[in-house]
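Subject: Structure for your review

Dear colleague,

Please find below the structure that I am handing over to you. I would be grateful if you would look through it alongside the notes that come after it.

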Amino acid sequence: MTRRLTRKVRVGGVEIGGDAPVSVQSMTNTPTADVAATVGQIKRLEAAGCDIVRVAVPDRKAAGAIKEMKAAITIPLVADIHFDHKLALAALESGADKLRINPGNIGSRDKVEEVARAAKERGVPIRVGVNAGSIDRSRYGMPSAEALVESALDEVRVLEELAFEDIVISLKAFDVPMTIAAYKRASKLCDYPLHLGVTEAGLAWEGTIRSSVGIGTLLAEGIGDTLRVSLTADPVEEVRVGIEILSALGLREKPFTLISCPTCGRCAIDISAIASEARRRLEEKPPSRPITVAVMGCVVNGPGEASLADVGIAGGKGAGALFAKGVMLRKVSESALVDELMKEVERLAGDSES
Ligand code: SF4
């Protein structure tokens with residue numbers, strides 16, 4: 001897949017755009033002024049593979065808390081500002097690595113200019129983050145792909161007039177076709193890096209699907225430089241889904257990939273239980289190099305898939321055949337299949353003690 005070439009901006013130690021890998025972001029949902037709780041959540045996000053974290057800055061206390069948080073975390077921190085440009089200035093003073101401002105509500109041009117000047121002095125990029133719900137309808141009309149892009153590019157022009165070009169753009173809507181159309185349009189009209197997302201996508205199940213369709217469609221067309229999956233759920237779930245979307249498109253390597261068949265009337269072992277237990281153990285102790293594991297129900301597709309993976313099983317009656325690198329190793333009883341599978345994973349990854 002050929003990725004659209006964009007400019008590159010640097011957010012703390014992470015690059016967005018150009019040839020940089022597509023990064024995964026999330027946003028904390030603890031009160032930002034509660035430094036202990038927010039740092040705790042950021043550390044969980046870091047452990048899940050989050051590249052950049054955003055925090056809401058609703059007041060001065062939250063802006064001040066950024067300084068303390070920055071000393072305790074390793075990933076870059078983005079300050080999310082609405083309504084009050086003075087909070088953006090305070091977040092910059094506290095060491096925020098990037099600002100997200102919403103052109104629909106940040107205020108008059110002189111306020112945007114003040115923020116841009118302060119960000120430029122510190123080499124901090126700004127994301128112009130337009131949401132369909134907060135678009136200025138008196139100026140742009142009802143939300144549409146065109147309105148989202150026009151609103152964002154008007155704001156970008158204000159920044160460009162100040163010679164500020166460390167810009168990332170997002171154009172989020174709940175409506176997936178509108179979101180896709182907006183990003184496609186923006187990608188034709190400018191070369192700033194694009195932050196992908198379907199906003200207010202919903203609870204984990206439906207939000208995952210809406211985000212995967214919207215973000216996945218764009219990424220598959222080479223559009224998008226960073227992403228956030230928005231879920232009404234633990235933010236760690238957003239990171240897991242974001243990484244999975246990238247992995248499905250071959251844009252990010254994971255410690256393990258689990259292939260499992262959907263099962264059918266031919267299956268004579270409990271594939272669902274075996275696959276779930278295999279995933280649990282792989283997450284608990286990820287292999288030190290990427291491994292593909294196949295858990296297949298029977299001999300129809302099983303040996304083929306199992307032998308194409310690094311390690312795999314193909315089920316039989318109360319038992320399964322264990323494969324590694326295309327070679328069948330041995331027949332194993334159903335109750336011992338996960339144990340034997342994991343031993344082979346460890347052996348292949350070079351993680352076994354013997
Ligand atoms: Fe059915 Fe076998 Fe295919 Fe699994 S691998 S879906 S059990 S035919």
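Predicted model: local features only at pLDDT ≥ 70, side-chain atom pairs only at ≥ 80, totals over all residues.

I begin with helix 3, which spans residues 85-93. Of its 9 residues, 7 are buried, so helix 3 is largely enclosed by the rest of the structure. The buried residues are His85, Leu87, Ala88, Leu89, Ala90, Ala91 and Leu92. What do these buried residues of helix 3 pack against? Their partners are helix 2 (60-72), strand 5 (77-81), strand 6 (98-101) and helix 4.

Both ends of helix 3 deserve a remark. After the helix comes Gly95, which has a positive phi, near 100°.

Helix 4 and helix 6

Two packed helices are described by the angle between their axes and the distance between the axes. For helix 4 (residues 109-122) and helix 6 (residues 145-161), the angle is about 55° and the axes are 10 Å apart. Since angles of 65 to 115 degrees count as roughly perpendicular and those under 35 as roughly parallel, the two helices are therefore oblique to each other. Their crossing is right-handed.

On the side of helix 4, the contact is made by Arg109, Val112, Glu113 and Ala116. Helix 6 contributes Glu155, Val158, Leu159 and Glu161. Sorted by class, this contact has 4 nonpolar and 4 charged residues, with no polar ones.

Two loop residues with positive phi

Phe83 sits in the loop between strand 5 and helix 3. Although Phe83 is not a glycine, its phi is positive, at about 70°. Is Phe83 buried or exposed? Its relative accessible area is 64%, and exposed means over 50%, so Phe83 is exposed.

Glu200 belongs to the loop between strand 9 (195-196) and helix 8 (204-220). Glu200 is likewise not a glycine, yet has a positive phi of about 45°. With a relative accessibility of 55%, Glu200 counts as exposed.

With kind regards

Key:
Residues numbered from 1 in each chain as written. Heavy atoms only, no water. Axes fitted to C-alpha atoms, helices over the stretch in contact; angles between N-to-C directions. Helix = DSSP H or I, 4+ residues; strand = E, 2+ residues; numbered from the N terminus. Parallel < 35°, antiparallel > 145°, perpendicular 65-115°, else oblique. Left-handed = near helix turned anticlockwise from the far one by under 90°. Contact = heavy atoms within 4.5 Å. Nonpolar A, V, L, I, M, F, W, Y, C, P; charged D, E, K, R; others polar. Buried < 20%, exposed > 50% of the residue type's maximum accessible area, 1.4 Å probe, protein only.
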